[in-house]
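Good morning, colleagues. Please look at the model on the screen while I go through a few of its local features.

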Amino acid sequence: MLFSLRNRLLLVFTCLLTIPFVILSIVIPNFFTSVIREQTQELTIEMMDQFSLYVDSITSQAEDLGKQVLVNQTTQEWLRLNRRGAEAEEIDSSMNQLRQGLSSIMINNSNAMSISVLLDNGTGTWGNHPTLHETEWYKDFTQNNQDYVKSHLDPFQQSHEMQVRKINSYILPLIDTNTMISAGVIKVNFPSVLLETALNKIKKGQNEHTYLLNQHGENILSGTIKTPSSILQQSLKQISASDDQEGLIEASYQKERYLVFFQKLPVGGWILISEVTESELFARVNHLQHNLLLTSAILFIITLVASYIMSNNITSPLGKLEKAMRLIERGEFSEAKSFLPDIKSQNNEVDYLIDVTKHTIDTLQNLIETEYEANLRRKDAEYKALLLQINPHFLNNTLEIIGSLALQGKNKEVMNVSVYLGKMLRYSLNSKSNIVSLGEEVNYIKSYTNILKLRYEDTIRIQMDVDPDTQTFPVIKFILQPLVENAVKYSFSEKTFADIFIKTKKAGNQISITVEDKGIGMSEELISDLQQNDETMIVLESKGNSIGLRNVLGRLKLTYGNDFSYCIESIKNEGTKITLLIDVKRGDRQDESVNRGR
């Protein structure tokens, strides 16, 4: 029956959960793929139509300007004077008039178009061009019958700004309207950036490429063609053989499938091409399908586990075992043992679990009654002894200071040091309570720093900024001295002067206690080690012979829990800043303890 039940549950859960999800993992991405393909094609063609209209407006304007210059009387007069070899002064006068006319046209043009008029011998309105017949754009016009030439630089334009930026041009013959004889060309230039900016708006992804090509597959605009040449050649061949003005071509290259959208423009035989790979276009859909299939696999595993667990009839003994464990959490071990079910089941796993639980209860009782309580008492005694101690080196140095001052006859200073030391000893030996006010802790540090000032004289400076609102805040004892000791120690380790700053402040619902020095700083490894280790365990380890930074952090964590946090900022050879933060609400709950300690 058990195996039969498990098999039936496995079959039911698999059919109800896994199989439908796998089907959806296949159907949904395929549906999205078809939708994205259709929308992409519609959107791309729509944007191509807009680009085509824009190109038509630019080129129409260029053609109008070229024709306007051609029939202009000034242009025809300059042409005829050059053809019949008139006087130089007469030709120059006519050229100046022509230049003024061209400048006026360019100034009034909104698309920054410029116009050059060139004779066959290279004479031009903006400078002579002796190598005219060798230029690429002139060859495209004369040899390839290209009225619209691809992007290029033209040094023979009106201004330097126009000479250094790339342009596309519309070329038409310069004809004498009386004799209909061609004597040169009129070149209408418009910035390539006009078309490039509009072309970039067609892109829909980072890896999508859009180009404006001529019939030979050459880029009309600036920039390199990143699409594989075999894809372009294959696409152009199909485009040339097709009568469609726009459409979609699919091609493959190196296991990658390319979608090539195209549109034939009525200008210069230009072809607008937008290419994107299926992997880029359907990247999100593929990611969705991958996640769905992964979820299906996880769901299948969960189904197997769930069916296996439910097929084993162990809910009743496990329920009793759960209640017994709850009693164990509260420390009611005798009741927990009586609540455990008898070992009657033939299921070995349940028998073992019940047996282990009984053994665990016995072991926990023994540990709590013997070793654990004894260990806590020992740790408590060590902890209190640690709190009461004063660094022997500090005490020895203080006595030497007193002796030195006595030899010098400085009775007042001797009395001051004795008073400071007495206050420290009285504070340390008061073991009635571990909780004191922050004002008492600050007073203790004042006595400690006053002795340090007498010892180190002018080589140490200690500043204190105590917020009056923090004076009555309850804290545990001896949280400042270890921080100040470390600050002094690491300041004098490599430097001859110690600059210590101690500050307490109340901001909102938090009390901050800061100790800052300008010593050698702390290494990143030490700060990382402090942040990663569990400070609460350090308090019970009783390692070392002084209350170090780890001990301070651990005691604060044990006392205040999540209401305590700290921040360590340190820069190598510049100093360290340690800030302790305690929530005021936590401190308020310690007020009663402070009063009892007094």
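Leu556 lies in helix H19, residues 549–560, where helices are DSSP runs of H or I of at least four residues, numbered from the N terminus. This is a predicted model, in which local features need pLDDT of at least 70 and side-chain atom pairs count only at pLDDT 80 or more, while totals for chains, interfaces and linings use all residues. Residues are numbered from 1 along each chain as its sequence is written, and side-chain values use heavy atoms, with hydrogens and water left out.

Is Leu556 buried or exposed? Leu556 is buried, because its relative accessible area is 0%; buried means under 20%, with a 1.4 Å probe and protein chains only. Leaving aside residues up to four places away in sequence, Leu556 touches Ile476, Ile479, Gly561, Phe564, Leu580 and Ile582, contact meaning heavy atoms within 4.5 Å. Between the C-alpha atoms of Leu556 and Tyr566, ten residues apart along the chain, the separation is 9.8 Å.

I turn now to a helix pair. The axes of H2 (residues 73–83) and H3 come within 9 Å and cross at roughly 155 degrees; axes are lines fitted to C-alpha atoms over the stretch in contact, with angles from 0 to 180 degrees between N-to-C directions. H2 and H3 are therefore roughly antiparallel, the term for angles over 145 degrees. On the H2 side, the contact includes Thr74, Trp78 and Leu81, and on the H3 side, Ile91, Met95 and Leu98 are among the residues. Within H3, the buried residues include Ile91, Ser94, Met95 and Leu98.

Methods. Buried < 20%, exposed > 50% of the residue type's maximum accessible area, 1.4 Å probe, protein only. Helix = DSSP H or I, 4+ residues; strand = E, 2+ residues; numbered from the N terminus. Parallel < 35°, antiparallel > 145°, perpendicular 65-115°, else oblique.
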